[in-house]
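This report describes the fold and the contacts of the structure shown below. The overall properties come first, then the interface.

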Amino acid sequence: MLRRYSVHLSLATVGGLIIYLAHQEYLSLYIMSVLMFMGVNIILSTSLNLVNGYMGEFSCGHAGFMCVGAYVSSLLGVWLFANDKVFGAPLLNPKYTLYAFPLLILVGGIAAAFAGLLVAIPSYKTRGDYLAIITLASNYIIISVIENIGAIGGSRGFMGMKQLISAMEKRVDLPWMPIWVFLFTVFCIWLMRRYISSTFGKGVTAICQDEVAAEIMSVNTNKIKTITFMVSSGMAGIAGGLFAYILGYVNPGSFNILKSTEVLVMVYLGGMASLSGSVLSAILFTILLELLRPLQIIKWIVIPLLLIILMQFRPEGIMGNRELGDIFPKLKKFYRFK
Amino acid sequence: MKRLLTTLSISCIAMIMAVPVIAADTIKIGFNLEMTGDIPKVGESSKFAAEMLKADINGAGGLEVGGKKYKLEFIYEDNEAKAESAVTTTLKLIEKDEVLAMIGPNSTKQAIPAGQVANDNEMVMISPWSTNPDTTFNRPWVFRAAFLDSFQGPMAVNFAIKTFKAKTSAVLYDLSNDYSKGLAEVFKKLFEGKMGAGSVLAFESHGTKDQDFSAQLTKIIAAKPDFIFLPDNYNQVALIVKQARQLGYKGEFMGSDAWGSSELMTLCGKDCVGLHFSTHYAAAGATGATKEFIERYKAKYSYTPDDVAALTWDATGVVLKAIQNTGGLTGKLKKDRKAIRAGMAAITSFGGITGNMKFNEQGDPIKCGVVVQITKNGEFAFNESICPE
């Protein structure tokens, strides 16, 4: 019984504790901001792992989908609930922000999932290096499109999302942003875990092993690829939406190829096809970036060096393609996570 | 192997722990700079200028506030030219380092979100370089040291009418560059307002990565304007001017502060000699404090300071002046930050090396710009100072 609910319990305790400490201001805003970006990074790295790890494709335009999610959810949110010089007065009463907020983020995710078709459809015919170039191109397309839409700020960026956060906090005095980031992070990992362990997910792994063989074994590869790409980019969109609301400002320049590379690094650091590896590496990477701050410019020598050392001695990443439970089998006694 | 890893990790931790010991009676000011990432040169210039100012003041015994001398301590943080990193950096400076005020970030992409955080947490922030109106708009705690983009429009119009005796003009701008587009539109409106509708004979645009401008230039040259307004980045300016000269255009060009890179003359050569553009300050032909700053900077870091360096020097100077205006620090963080905000508002005129400035209610400076002319040696020589009307 306890084993069955231990994960739920521990998550609720950890989440509740963080939110409580933040509310009582025991945790400083600085630490909270690092924790929130950690959540965003976890969603990003796990979702990219779906494509790069589980399905064995190489996508390097993940930040593009994040950009779609960020823009859609912020534009929609500001249009509906905030005073803005582009959209004018709010369409709905700002006191409903609290209920609509998760929907806004989800809509951003759905929009990003459809943007994922940009990569999914060409993937029927190409794979490997060629598909990698397509993902790269899609990242550029998305950024250029947004840069050229003057009405939403273009290369100047878009802002006004902070009004929604303050509207939520006015309604119920809680640190809402950390709460949403935490909930969405847990939701995304849960969804990904369910997806991968489903029958459908077995098809994803089959494509990774051998696409032709999978096709022969009656796996509908095109369908699976489409859905996997859409799920992965949809998650990136959710991460983007959260990212935009944490910052209160989006700029297409924040989602360039460098951001995509950062996510790639997290995936490979954690290990391919390992959810817990991606989570661990996202946490580690975020903390490392903050801890090494005093080194300033030397930081960018130390971090790549650490990566090289890691790849030298552990080329499969921190976890390899195993989960936490495979490395420490005794842990399985205490939890069950599906 | 294991030992090696242990040694590595221990040395890493040791480096992290090696935080400098803080002496009593210091004033801490944070710098949120782009030291790595896309534009490391910008962060470096800022840091160098700030280091020079700190050495000056600490060498003279420190900053006198309310009859007491304080040593300055500048904390430089790298925001990696990323928006999210600029936010965490700002929060770190506010909460962990407990600085009194923050200089930077320079680039708009970082300055807007960082300004939000500084404003929410009630700490004075001043961006030396950001020219986007949103950085300071409706944010009483956020200031800037550079004039807004839109101010360069009237500068160019007034200068051209006065010096070139221009009655007609043409504009070529970069469509995907917001700075260029905004400036071109402001210019067109003002010029037509002064010289009558239709006096801008051609209004042409190009893309960021374009290399060939002959189609637009042919059209412009055929219209025979008195001069061409070119609010573009220096690398495109070099190409455009060269191609215009090849097509037989002999007239004037007028540009904006994006021309002001030392790379311009390397790319453009003799074709650009004699052209004018508006900018924040002129390095060649400078006098007084500006000249002294340029010479000392050059001697110390062996290159001519760009506008970021000069603007950082002024931004830091403004903050120090505001601290002096408080008339004495209490040592209580919140109270002192509030006093500094009041001190910023109390500045009636600050004599900086980029000109005299004071702040309007939005935290934007009211200051003069300069028009410079490119000399034969490739220097940007002072030609005329233009002030807001």
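For chain A the corresponding surface is about 15,200 Å², of which carbon and sulfur atoms hold 70%. The model is a predicted one.

**The two chains**

Chain A contains 15 helices and two strands. Its C-alpha trace spans about 55 × 45 × 45 Å along the principal axes. A compact globule of 338 residues would have a radius of gyration near 20 Å, and the 20 Å of chain A therefore agrees with that expectation.

Chain B is built with 12 helices and 16 strands. Its radius of gyration is 23 Å, close to the 21 Å that the globule rule gives for 389 residues, so chain B is as compact as a globular protein of that length. Taken along the principal axes, the C-alpha atoms of chain B fill a box of roughly 70 × 60 × 40 Å.

| Chain | Buried residues | Contacts joining residues at least 24 apart |
|---|---|---|
| Chain A | 52% of 338 residues | 78% of contacts |
| Chain B | 56% of 389 residues | 67% of contacts |

**Charged side chains**

Chain A carries 25 positive and 15 negative side chains, and the centres of these two sets are 8 Å apart. In chain B there are 43 positive and 43 negative charges, whose mean positions lie 3 Å apart.

**The interface**

The size of an interface is often expressed as the accessible area lost when the parts come together. Between them, chain A and chain B bury about 3,300 Å², and 60% of this area is on carbon and sulfur atoms. Tyr30(A), Arg156(A) and Arg293(A) supply 22% of the area that chain A buries against chain B, more than any other three residues. In terms of contacts, 34 residues of chain A meet 37 residues of chain B.

**Arg194(A)**

Arg194(A) is part of helix H8 of chain A, which covers residues 176-197. Arg194(A) counts as partly exposed because its relative accessibility is 43%. From C-alpha to C-alpha, Arg194(A) is 33 Å from Tyr30(A) in space, and the two are 164 residues apart in sequence. Tyr30(A) is one of the three interface residues named above.

Note on methods
Residues numbered from 1 in each chain as written. Chains lettered and ligands numbered in written order. Predicted model: local features only at pLDDT ≥ 70, side-chain atom pairs only at ≥ 80, totals over all residues. Heavy atoms only, no water. Helix = DSSP H or I, 4+ residues; strand = E, 2+ residues; numbered from the N terminus. Rg over C-alpha atoms; globule rule 2.2 N^0.38 Å. Buried < 20%, exposed > 50% of the residue type's maximum accessible area, 1.4 Å probe, protein only. Contact = heavy atoms within 4.5 Å. Areas by Shrake-Rupley, 256 points an atom, 1.4 Å probe, with all protein chains shown as cover. Lys, Arg positive; Asp, Glu negative; His and termini not counted. Charge placed at Lys NZ, Arg CZ, Asp CG, Glu CD. Buried area = accessible area lost by both parts, 1.4 Å probe.
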